[in-house]
Amino acid sequence: MNYKACVCNLCGTGCGQFLKTNGKAVLGVSPSIGHPVSKGKLCIRGWHVNELLNTNDRITTPMIRSNGKLRPASYDEAIDWVIERMRDFSGPSGEIGVLASARSSNEDNFALTRLARDIFKTDVLGVGAEAGHHNSMAALTHAFGYPGAIGTLTAIDKADYILVVGTDITRQNPVIGGNIHAAQMRGARVVTICSARTQIAKLSTKHYQQKPGTKGLLLNALAKALYAVRTMNHDRQANLDAIPGYADYIAALRSISSVALENASGIRYEEIEEEARYLNMAKSVVIVFSTGISGLDKQTTEIIANLALLTDKMDHEHSALIPVAGISNLQGTYDMGMTGKPGKSVFRSLADARSPLKALFVVDHDDGIIRNRDRIENLDFVVYCGAFKNPFMDLADVILPLTSFNQTDGTYTASDRRVQLTRQNTENLSNSLPGWNLYQLMAEKAGQYWGYCDAAHVFTDIAKRVPSYADLTHDRLGRGYGLHWDPKGFPTAGKKKFHAVRIEYPKPKTSEEFPFALMVGKAQHFWHQNNLMRKTLIPRREYDQTLLLYPQGYVEICPDDAKKLKVKDKWTVQVTCSAGTTMKIAVKVCPDMQPGTAYIPYFIKNMISDFLIKYDDAFSAGEESVIPVRIEEA
Amino acid sequence: MSKYFATSQEIKQLAEELCKSHEIYGPQVDQQSGQVFFDVLSDLDALDLDAAIPSMPVKEILFPQMERILQYRYDDATQNVTMEKAYAEKPKVLFGLRPCDLAGIQCLDRFFLGQEYVDDVYLAHRRQSILITNTCTRPWDQCFCVCTHTGPAADEGYDLDLTKIADGYLVQVGSEKGQAIADQRGWTPAEARQLKEKDAVVDRSVEAFPALAKDNKAWISRAMNRITTGFVKHEIWEYIGNQCVECGACSFVCPTCSCFNIEDAKMCDGECERLRTRDSCSFEGYTRMAGDHNPRQPVEDRRNKRFFCKLSFSQSKKYLRPGCVGCGRCQWVCPGDIGLPNVVQYLRRETTA
Ligand code: SF4
Ligand code: SF4
Ligand code: SF4
């Protein structure tokens with residue numbers, strides 16, 4: 001039979017699929033009916049992964065740049081050259097940076113951390129989506145004692161109450177969105193807190209459309225109301241009092257003023273009180289929020305963690321708190337240590353003109369748009385390793401091909417800590433190396449012998465060094481639909497603590513001069529700025545069709561605002577931000593927007609490179625970032 | 001047409017014989033997951049005629065998800081184009097088709113071969129195919145072929161049709177091709193008692209629907225009527241459209257969906273290939289026409305397109321049968337809650353309220 005079980009590599013849901021392959025090429029896709037999370041569903045990306053895996057845009061041979069031109073080389077020669085050049089730079093003084101991929105397997109990332117630490121001797125590391133994920137992990141560790149999801153995604157199918165904070169989940173993780181919708185249909189109460197009327201908002205039992213930037217305030221108000229309901233019913237849990245930070249947290253919540261809440265967020269406290277009664281009645285609660293590149297800011301994730309603790313329902317088997325990742329192995333990449341130390345990221349080194357960075361080692365970069373391009377161009381030495389062609393190749397001095405995820409064995413850790421194994425199911429016709437083996441050969445060239453014979457062997461090393469993976473092996477993972485890593489690997493697991501929260505009533509940053517609150521985020525077919533999606537046929541057409549309609553991108557505003565501005569759909573407008581930068585862009589009139597708000601999907605090149613450059617925090621604040629702008633007819 | 005009795009052993013021998021001259025496809029179970037696929041049989045022992053309805057439609061064999069149909073090269077110097085077709089005709093036998101999947105093939109035949117234009121690629125796959133159906137002695141969770149009149153037994157369009165009865169199979173011949181195969185087998189002609197036995201098997205299967213086919217209680221004929229007469233409120237379409245995440249799954253798994261897309265892709269050294277991939281009316285780019293006009297831009301309009309296609313009378317007239325053959329697969333794979341049987345329910349709830 002030609003159908004081989006596999007795990008979708010295109011987001012952090014980790015859906016089960018089968019690839020139809022004749023051994024040499026992938027011909028088709030089938031969903032996996034028995035998979036406990038995806039249950040026979042896939043999104044448009046998962047359904048078209050065969051197109052991606054069939055692309056002719058693969059990197060097939062190592063290349064070395066000499067006299068400005070890339071020429072084919074052998075792995076041997078290329079590896080030699082990399083190791084020789086890297087000797088010129090000092091890792092400990094911050095001259096070498098490693099930019100890893102949250103799509104690589106655990107085995108690859110584990111080996112890459114070894115390469116970075118033991119050979120390059122650098123801790124200037126990072127993956128594209130790290131900032132947001134560090135926040136989520138820190139917030140969860142403080143509150144629940146370990147950096148990972150509390151509970152699992154399958155809890156959605158049984159929970160009484162589901163809270164979706166922010167995230168446009170039916171676009172970003174459609175299969176999780178579908179499961180939440182199914183839960184709503186069976187009678188669970190689904191509540192969405194989001195300033196735009198997203199699809200999941202429409203499908204929810206209740207949607208709170210708060211003013212931009214006030215998600216955290218609203219969640220704190222919900223906590224206050226929950227506390228009040230409990231006090232009134234005399235069902236205050238004594239053990240909650242014992243959790244460190246409780247008294248301060250409650251004191252902060254008590255200080256919330258209903259009037260100020262309503263002024264800032266546009267939501268009345270009475271509504272929240274009613275919501276709290278539902279929340280209190282529920283036996284099990286699932287909270288999902290997005291983590292990673294378009295995730296939430298630090299404060300909001302802490303507020304979510306506190307609320308989860310306060311419900312006192314998180315130990316129920318159908319409860320969960322899930323930081324949902326847009327990229328397949330973001331959690332695993334963090335677990336392997338590849339995301340580096342907070343505050344010391346390769347992005348920071350790239351952005352800081354005075355950093356000592358001289359050499360950069362990059363793996364499988366997903367973005368079609370490269371940030372800090374000028375800086376990278378001026379580095380002394382750039383290595384790019386990847387399965388698919390990418391604009392980064394133009395900047396690289398050495399290029400090394402890697403296998404794609406179906407051409408080698410590897411494990412991937414989904415958003416809810418489910419570690420799943422994909423086995424090689426297609427021949428590796430161009431004889432590319434899997435990441436772990438490439439890094440091992442580099443280490444060997446530098447004089448260190450690791451001795452891994454296959455990915456399963458690398459995994460035994462992971463199990464030895466990463467305590468939460470201790471009882472996992474490829475053999476065990478290969479028998480079903482993977483296993484969740486064990487929080488007990490962290491000695492602090494189960495030690496609960498409240499975060500200290502400050503109650504703030506965000507004033508609208510908008511003014512008469514800049515009356516629109518601009519939000520920046522994803523659009524339907526622009527996942528990961530699309531280096532991968534651009535290599536498919538159908539999803540790419542969907543992307544292109546938006547580009548055809550809106551060649552310079554678009555800004556979404558509501559019909560009323562469009563009328564006020566006297567503009568129509570597809571008309572060009574000038575957007576000016578308070579920092580002074582401007583851009584010309586088409587209008588997309590969209591009834592799902594609130595008056596006074598505007599939304600731009602951030603795939604548009606000149607927006608990232610010119611318009612937003614002054615707003616670096618727009619990237620780190622993710623979903624909650626708000627930029628005051630003026631919109632005029634152009 | 002003739003009817004025979006064959007033992008299980010003889011059915012196995014039939015497969016062995018056919019596989020000498022044909023590529024043989026049939027239902028088989030993935031050991032680890034238990035999922036059923038109708039795929040090429042590398043080992044005849046894997047053929048499992050008792051397996052549940054295959055998870056993916058059999059159209060994969062005749063109209064695959066992605067197919068290279070042409071390869072060409074442009075020579076700069078001579079300004080010459082050389083082309084060759086990239087698909088080949090191979091005799092195939094589809095052994096153990098479920099009746100709904102046979103009906104699906106009949107719809108595809110009508111679309112690809114039955115109208116003014118004949119699709120060469122489909123024809124190449126289809127021309128030398130032998131279709132052997134297998135009566136469903138019981139329905140599975142999601143089946144509703146009794147409502148679409150496509151099962152649990154096939155009534156036409158097959159070459160050979162098998163029904164499991166007490167000590168073997170009743171074999172019915174449905175075409176000259178089938179007769180030619182039967183003539184070589186030396187099976188015993190069926191007795192009246194065995195024909196009756198088949199009727200009883202089918203009756204039992206139909207009776208088992210309420211208890212076993214519990215996912216979907218479709219209500220197809222009334223829904224057809226409502227859709228054909230336009231008696232469905234816009235709000236209902238909107239309610240349905242809001243649930244669509246635009247994944248395309250419903251089209252990909254539907255045995256009768258025939259839409260496709262053609263793209264040329266560059267390979268290395270100036271060579272190009274033409275790919276045909278399945279497409280879906282749920283995608284915005286699919287319905288967009290030249291000059292920025294999209295007749296079905298809101299998602300709810302695209303969604304109701306699908307249900308018109310499956311259920312309206314005018315469409316049925318074109319395909320000589322309803323566009324839904326009752327396999328229930330779209331219900332399995334839809335991340336929304338709008339597989340066809342569910343939509344029928346929504347229409348019914350609204351229109352009877
Ligand atoms: S939801 Fe994510 S994991 Fe599932 S099919 Fe889509 S991209 Fe793949
Ligand atoms: S519409 Fe759905 S149930 Fe009907 S034939 Fe197609 S996939 Fe099967
Ligand atoms: S399977 Fe469901 S969600 Fe996907 S395109 Fe079809 S109707 Fe929409």
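Author: Rings of Phe, Tyr and Trp (its six-membered ring) pair if their centres lie within 6.5 Å; planes under 30 degrees apart count as stacked, over 60 as edge-to-face and the rest as tilted. This is a predicted model in which local features need pLDDT of at least 70 and side-chain atom pairs count only at pLDDT 80 or more, whereas totals for chains, interfaces and linings use all residues. Residues are numbered from 1 along each chain as its sequence is written, chains are lettered from A and ligands numbered from 1 in the order in which they are written, and side-chain values use heavy atoms, with hydrogens and water left out.

Reader: Which residues do ring pairs link into a cluster?

Author: The cluster consists of A:Tyr146, A:Phe459, A:Tyr469, A:Trp485 and A:Phe490. Over all chains, the count of aromatic pairs comes to 22. One of these pairs joins A:Phe361 and A:Tyr439, edge-to-face, at 6.2 Å centre to centre with 70° between the planes.

Reader: Where do A:Phe361 and A:Tyr439 lie?

Author: Helices (H or I, at least four residues) and strands (E, at least two) are DSSP runs, numbered from the N terminus. A:Phe361 belongs to strand β13 (residues 359-363) of chain A and A:Tyr439 to helix α18 (residues 435-445) of chain A, so the pair ties together parts that are 78 residues apart in sequence.

Reader: Is A:Phe361 buried or exposed?

Author: Buried means under 20% relative accessible area, exposed over 50%, and partly exposed in between (1.4 Å probe, protein chains only). A:Phe361 is buried at 0% relative accessibility, and A:Tyr439 is buried at 1%. Another edge-to-face pair is formed by A:Trp450 and A:Tyr452, with ring centres 6.0 Å apart and planes at 65°. A:Trp450 is buried at 9% and A:Tyr452 at 6%.

Reader: How is a nonpolar core read, and which residues touch the most other members of the largest one?

Author: In soluble globular proteins, nonpolar side chains tend to be buried together. A nonpolar core is a set of buried Ala, Val, Leu, Ile, Met, Phe, Trp, Tyr and Cys residues joined through side-chain atoms within 4.5 Å. The largest here has 110 residues, and those touching the most other members are A:Met86, A:Leu310, A:Leu321, A:Phe361, A:Leu400, A:Leu438 and A:Tyr439. Helix α9 (residues 215-232) of chain A gives the most to this core, with 10 residues. Domain 2 (63-129 + 330-410 + 430-454) and domain 3 (136-325) of chain A both contribute residues, so the core lies between them; the domain bounds come from an automatic or database domain assignment.

Reader: Which charged end sits over the ring of A:Phe388?

Author: A charge sits over a ring if NZ of Lys or CZ of Arg is within 6 Å of the ring centre and within 35 degrees of the ring normal. The charged end of A:Arg58 sits over A:Phe388, 5.3 Å from the ring centre. In chain B, the charged end of B:Lys164 is placed over the ring of B:Tyr169, 5.4 Å from its centre.

Reader: How many disulfides are found over all chains?

Author: A disulfide is a pair of cysteine sulfur atoms within 2.5 Å. The search of the whole structure finds zero. For A:Cys558, the nearest cysteine sulfur is that of A:Cys590, 9.1 Å away. A:Cys558 is buried, with a relative accessible area of 4%.
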